[in-house]
Amino acid sequence: MASVKILMVFLFQATSYFTTRENKQLKGYVVKRFDSPSLLSCGQQCMRNAWCTSTNYKMSSEKDGKGTCELNKHDISLIDENAEFHHLQGVTFSTLLKVM
């Protein structure tokens, strides 16, 4: 009888929690801006950068389907109702709360 070996590979995935504010954009803290296909993809890019604390995401109205993702860096205590938010239709602000 042949011996069978099983290789088990564990992929460690980070679990993150975001809070979002629709039609709000945080100004003055953008470190990186790029095209992104979705809010989820934008958040994943934030998680890949240790310095990233929040995102602004605006879906494009053009047919290419790509929106604009902005990765922000700021003191987390900055985010409250009095922060430098601008009302901007179609933009979603997201704060990274927890990575496990």
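Two residues are said to be in contact when heavy atoms of each lie within 4.5 Å. With that definition in hand, one can begin with the chain as a whole: of the contacts in the protein with a separation of 6 or more, 70% are between residues 24 or more positions apart. The structure is a predicted model, in which local features need pLDDT of at least 70 and side-chain atom pairs count only at pLDDT 80 or more, while totals for chains, interfaces and linings use all residues. Residues are numbered from 1 along each chain as its sequence is written, and side-chain values use heavy atoms, with hydrogens and water left out.

The protein contains 1 helix and 5 strands, where helices (H or I, at least four residues) and strands (E, at least two) are DSSP runs numbered from the N terminus. Read from the N terminus on, these elements follow the order β-β-α-β-β-β. Of the 100 residues in the protein, 30% are buried, a word that here stands for under 20% relative accessible area, whereas exposed stands for over 50% and partly exposed for what lies in between (1.4 Å probe, protein chains only). The protein exposes about 7300 Å², and carbon and sulfur atoms supply 54% of this area; accessible areas come from the Shrake-Rupley method with a 1.4 Å probe, and for residues only the protein chains shown count as cover.

We can now turn to the interior. A nonpolar core is a set of buried Ala, Val, Leu, Ile, Met, Phe, Trp, Tyr and Cys residues joined through side-chain atoms within 4.5 Å, and the largest one in this protein has 8 residues, namely F34, C42, C46, C52, Y57, C69, L71 and L96. The elements that give two or more residues to this core are α1 (39–47) and β4 (67–72).

The structure holds 2 disulfides, and one of them joins C42 to C69, with an S to S distance of 1.9 Å. This pair links distant parts of the chain, since C42 sits in helix α1 and C69 in strand β4, 27 residues apart. The torsion about the S-S bond of C42 and C69 is about 75°, so this disulfide is right-handed, and both C42 and C69 are buried. Another disulfide joins C46 to C52, with an S to S distance of 2.2 Å. The torsion about the S-S bond of C46 and C52 is about -105°, so that disulfide is left-handed, and again both of its cysteines, C46 and C52, are buried. If the bonded cysteines of the protein are numbered in sequence order, the pairing reads 1-4, 2-3.

Helix α1 also holds S41, which counts as buried because its relative accessibility is 18%. Although S41 and C69 are 28 residues apart in sequence, they are 8.8 Å apart in space, C-alpha to C-alpha. The side chains of S41 and S36 are joined by a polar contact of 3.5 Å, a term for a pair of N or O atoms within 3.5 Å, of which, within protein, one must be able to donate a hydrogen and the other to accept it, and for which residues adjacent in sequence count only if both atoms are side-chain atoms.

Which side chains meet in a salt bridge? A salt bridge is a side-chain nitrogen of Lys or Arg within 4 Å of a carboxyl oxygen of Asp or Glu, and a search of the whole structure finds 1. The side chains of E70 and R33 form it, at 2.8 Å, N to O. E70 lies in strand β4 and R33 in strand β2 (residues 30–36), so the pair ties together parts that are 37 residues apart in sequence. E70 counts as buried because its relative accessibility is 7%, whereas R33, at 55%, counts as exposed.

Finally, consider strand β5 (residues 85–99), where S94 is placed. S94 is buried, because its relative accessibility is 3%, and, not counting residues up to four places away in sequence, S94 touches F18, T19, T20, L39, S54 and T55. T92 is found in strand β5 too and is buried at a relative accessible area of 13%; leaving aside neighbours within four places in sequence, its contacts include T20, L39, T55 and Y57.

Conventions. Disulfide = S-S within 2.5 Å.
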